[in-house]
Amino acid sequence: QGYEGLVEGGDNIKQANWLSVSNIIQLGGTVIGSARCKAFTTRAGRLLAARNLVEHGITNLCVIGGDGSLTGADIFRSEWAGLLEELVRDGQISEEVARKNCRLNIVGLVGSIDNDFCGTDMTIGTDSALHRIMEVVDAITTTAQSHQRTFVLEVMGRHCGYLALVSGLASGADWLFIPESPPEDGWEDLMCERLGE
């Protein structure tokens, strides 16, 4: 459950093995869970997370997430030495354990369906989101044709129109709205004329 699992510890931290990861590659979403964690936004929460990691001998993290997750990872990394010092001072870990775990290595991967992060061709989640959109479009296209109806489909993406643009192109949509190119005045008449044709 993301940082929630780090803060709570216990059964939330376990080693992945062949059986636990077999047959998951085709699944959309995340089998490891995801949660917003208010506790991790506080130093006290990050202190608990540090203690739980040290107890398991974990000094490498792979953080998959968006702005909040990656910002949290950067803060956690910058505080790591101080968190270990505090754990030693409070008697929760020994100096030897602190020395063994003195370095925290973090790899950050952008896990966002929006595909709005520079420096990467496609963020994690974009492809599976696009796949889901196309499944829905394929399912409603035949219904729209048989009933001679127009369907309006809203897709994910928040402030980024990538999913709308690519799914619109892939499905042959007649009209498309994306945040990067707001419609000009009089768009309603132009759209009705285009659909009428």
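Valine 107 belongs to strand S2, which spans residues 105-110. In this predicted model, the relative accessible area of valine 107 is 47%, so the residue counts as partly exposed. Together with Ile64, Leu109 and Ile124, Val107 makes a nonpolar surface patch of about 320 Å².

### Overall layout

The protein contains eight helices and two strands, and their order from the N terminus is α-α-α-β-α-α-β-α-α-α. The radius of gyration is 23 Å, well over the 16 Å that the globule rule gives for 197 residues, and the protein is therefore more spread out than a compact globule. Taken along the principal axes, the box filled by the C-alpha atoms has dimensions of roughly 75 × 40 × 25 Å.

The domain assignment divides the protein into domain 1, covering 2-110, and domain 2, covering 126-196, and the centres of these two domains, taken over C-alpha atoms, are separated by 40 Å.

Of the 197 residues in the protein, 28% are buried. The protein exposes about 13600 Å², of which carbon and sulfur atoms supply 53%. When contacts between residues at least 6 apart in sequence are considered, 59% of them join residues at least 24 apart.

### Salt bridges

The count of salt bridges comes to seven.

| Pair | N to O distance |
|---|---|
| Glutamate 86 and arginine 43 | 3.2 Å |
| Arginine 51 and glutamate 55 | 3.5 Å |
| Glutamate 135 and arginine 132 | 3.9 Å |

What does the salt bridge between glutamate 86 and arginine 43 tie together? Glutamate 86 forms this salt bridge with arginine 43 at 3.2 Å between the closest N and O atoms. Because glutamate 86 lies in helix H4 (residues 67-89) and arginine 43 in helix H3 (residues 43-55), the pair ties together parts that are 43 residues apart in sequence. Glutamate 86, at a relative accessible area of 19%, is buried, and this value lies just inside the limit, since buried means under 20%. Arginine 43, with a relative accessible area of 34%, is partly exposed. Both residues also take part in a network of salt bridges that links Arg43, Arg46, Glu79 and Glu86.

The salt bridge between arginine 51 and glutamate 55 is placed within helix H3, where the two residues are four apart, about one turn of the helix. Arginine 51 is partly exposed, its relative accessible area being 24%, whereas glutamate 55, at 56% relative accessibility, counts as exposed.

Glutamate 135 and arginine 132 likewise meet in a salt bridge through their side chains.

Most residues other than glycine have a negative phi. Which phi value does asparagine 115 have? For asparagine 115, a residue other than glycine, phi is positive and near 55°. Asparagine 115 is located in the loop between S2 and H6, and with a relative accessible area of 13% the residue is buried.

Glutamine 148, which is not a glycine either, has a positive phi of about 50°. The place of glutamine 148 is the loop between H6 and helix H7 (162-171). Is glutamine 148 buried or exposed? At 73% relative accessibility, glutamine 148 counts as exposed, whereas asparagine 115 is buried.

Conventions: Residues numbered from 1 in each chain as written. Predicted model: local features only at pLDDT ≥ 70, side-chain atom pairs only at ≥ 80, totals over all residues. Heavy atoms only, no water. Patch = residues over 30% accessible without salt bridge, like charges linked within 9 Å, V, L, I, M, F, W, Y side chains within 5 Å. Areas by Shrake-Rupley, 256 points an atom, 1.4 Å probe, with all protein chains shown as cover. Salt bridge = Lys/Arg side-chain N within 4 Å of Asp/Glu carboxyl O. Buried < 20%, exposed > 50% of the residue type's maximum accessible area, 1.4 Å probe, protein only. Rg over C-alpha atoms; globule rule 2.2 N^0.38 Å. Contact = heavy atoms within 4.5 Å. Domains from an automatic or database assignment.
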